Amino acid sequence: MTAVIGSETQSTDRYYTRVSDRPALIERTEPAVWGDHASAGMLGAQELAAHERDGFVTVPQLLTPDEVAGYAAELDRLATDPAVRADDRTIVEKTSQEVRSIFEVHRISDAIGRLVADERVAGRARQILGSDVYVHQSRINYKPGFGGGGFYWHSDFETWHAEDGMPVPRAVSISISLTENYAHNGCLMIIPGSHKTFVSCVGETPDEHYRESLKEQEIGTPDQDSLTALANRHGIAMLTGPAGSATLFDSNCMHGSNSNITPYPRSNIFIVFNSVENSIVEPYYAPSRRPEYIAAREFTPVPR
């Protein structure tokens with residue numbers, strides 16, 4: 001059975017993980033919305049309340065159809081560029097060897113670099129986090145038809161805390177879809193409300209763990225009892241919608257996606273904004289830092 005830890009912890013670090021032989025559910029103390037719910041911005045009061053309650057909020061039409069077409073062409077260009085494919089920042093599928101992800105893409109692509117600073121994107125992150133923000137991580141994810149691999153259930157904050165040294169869950173991710181998200185082509189699944197509970201995982205972090213975890217993560221994944229408890233408590237939301245839609249979600253949301261065995265590809269631009277007041281330090285539970293293209297250590301705020 002999963003150990004439930006409330007106000008007391010087994011460690012001086014509230015969000016301890018990968019150090020015990022049994023998992024734990026640790027209730028979070030920080031808010032999900034750090035800014036003023038009544039402040040003016042791209043997100044209204046009801047959307048901010050939904051983000052606080054569920055850990056995520058959807059934006060149905062973040063990009064126009066013309067913008068979607070332009071960014072989709074950019075993703076195709078990057079995936080077929082031999083220099084990009086040979087770059088360490090490019091991750092390929094374990095079986096098909098097709099491109100799975102390209103990291104630090106806002107530095108590789110000028111078009112995506114401009115999108116990061118767009119007020120529709122960075123402005124919403126600032127509103128949620130209540131401060132200036134910097135890019136902790138950016139990437140594009142490809143999930144081609146007939147074989148795009150899934151992502152097992154996980155909390156990003158568990159990894160970012162353990163392996164990157166992110167102090168608390170004061171980061172927000174935005175996933176911008178460039179293809180239709182169906183229930184059957186590997187759409188994002190989130191357990192609403194799971195951001196309020198940190199799942200401490202079992203298993204020590206191997207050195208250079210990122211080399212395997214970016215293809216298929218095993219260390220840092222939650223146990224089945226914890227997942228069952230969260231799903232029974234909150235349910236599971238399948239985030240479907242048209243190309244151009246986006247989802248902003250808290251760093252501690254439990255989320256994942258199935259593999260794509262349909263003919264319909266799924267691809268997205270994924271940007272992680274961290275508060276400049278939550279800049280990363282040394283890893284809490286890993287023997288060494290991950291590369292800076294995975295966990296940025298340049299904390300310059302995204303320009304307004």
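Here is a friendly conversation about the packing, rings and backbone of this predicted model.

Colleague: Before we start, which pLDDT do local features need in this predicted model?
Modeller: Residues are numbered from 1 along each chain as its sequence is written, and side-chain values use heavy atoms, with hydrogens and water left out. Because this is a predicted model, side-chain atom pairs count only at pLDDT 80 or more, totals for chains, interfaces and linings use all residues, and local features need pLDDT of at least 70.

Colleague: Is helix 2 parallel or oblique to helix 5?
Modeller: Helices (H or I, at least four residues) and strands (E, at least two) are DSSP runs, numbered from the N terminus. Axes are lines fitted to C-alpha atoms, for helices over the stretch in contact, and angles run from 0 to 180 degrees between N-to-C directions. Helix 2 (residues 65–80) and helix 5 (residues 110–117) have axes 10 Å apart and an angle of about 135 degrees. Angles under 35 degrees count as roughly parallel, over 145 as roughly antiparallel, 65 to 115 as roughly perpendicular and the rest as oblique, so helix 2 is oblique to helix 5.

Colleague: Is the pair of Tyr15 and Phe157 stacked or edge-to-face?
Modeller: Rings of Phe, Tyr and Trp (its six-membered ring) pair if their centres lie within 6.5 Å; planes under 30 degrees apart count as stacked, over 60 as edge-to-face and the rest as tilted. This rule gives 7 aromatic pairs. For Tyr15 and Phe157 the centres are 5.5 Å apart and the planes lie at 90 degrees, so the pair is edge-to-face.

Colleague: How many residues apart in sequence are the parts that Tyr15 and Phe157 tie together?
Modeller: Both residues are buried, where buried means under 20% relative accessible area, exposed over 50% and partly exposed in between (1.4 Å probe, protein chains only). Tyr15 lies in the loop between strand 1 (3–5) and strand 2 (24–27), and Phe157 in helix 7 (residues 156–164), so the parts joined are 142 residues apart.

Colleague: What is the pair of Phe249 and Phe270, edge-to-face or tilted?
Modeller: Phe249 is in strand 12 (residues 246–250) and Phe270 in strand 14 (residues 266–275), 21 residues apart. Phe249 and Phe270 are buried. Their ring centres are 6.0 Å apart and their planes are at 50 degrees, so the pair is tilted.

Colleague: Which residue lies over the face of Phe270?
Modeller: A charge sits over a ring if NZ of Lys or CZ of Arg is within 6 Å of the ring centre and within 35 degrees of the ring normal. Arg100 does this over Phe151, with its charged end 4.2 Å from the ring centre. For Phe270, at 4.1 Å from the ring centre, the residue is Arg139.

Colleague: How many residues of helix 7 are buried?
Modeller: The buried residues of helix 7 include Asp156, Trp160, His161 and Asp164. Gly165, with a positive phi near 85 degrees, follows the helix. Helix 7 is mostly covered, and the buried count is 9 of its 9 residues.

Colleague: What is the phi of Arg18?
Modeller: Most residues other than glycine have a negative phi. Arg18 lies in the loop between strand 1 and strand 2 and counts as buried at 3% relative accessibility. Although Arg18 is not a glycine, its phi is positive, at about 65 degrees.

Colleague: Where does His136 sit, and what is its relative accessible area?
Modeller: His136 is found in strand 6 (residues 133–143). Not counting residues up to four places away in sequence, His136 touches residues including Trp160, Asp164 and Val272. His136 is buried, with a relative accessible area of 1%.

Notes. Contact means heavy atoms within 4.5 Å.
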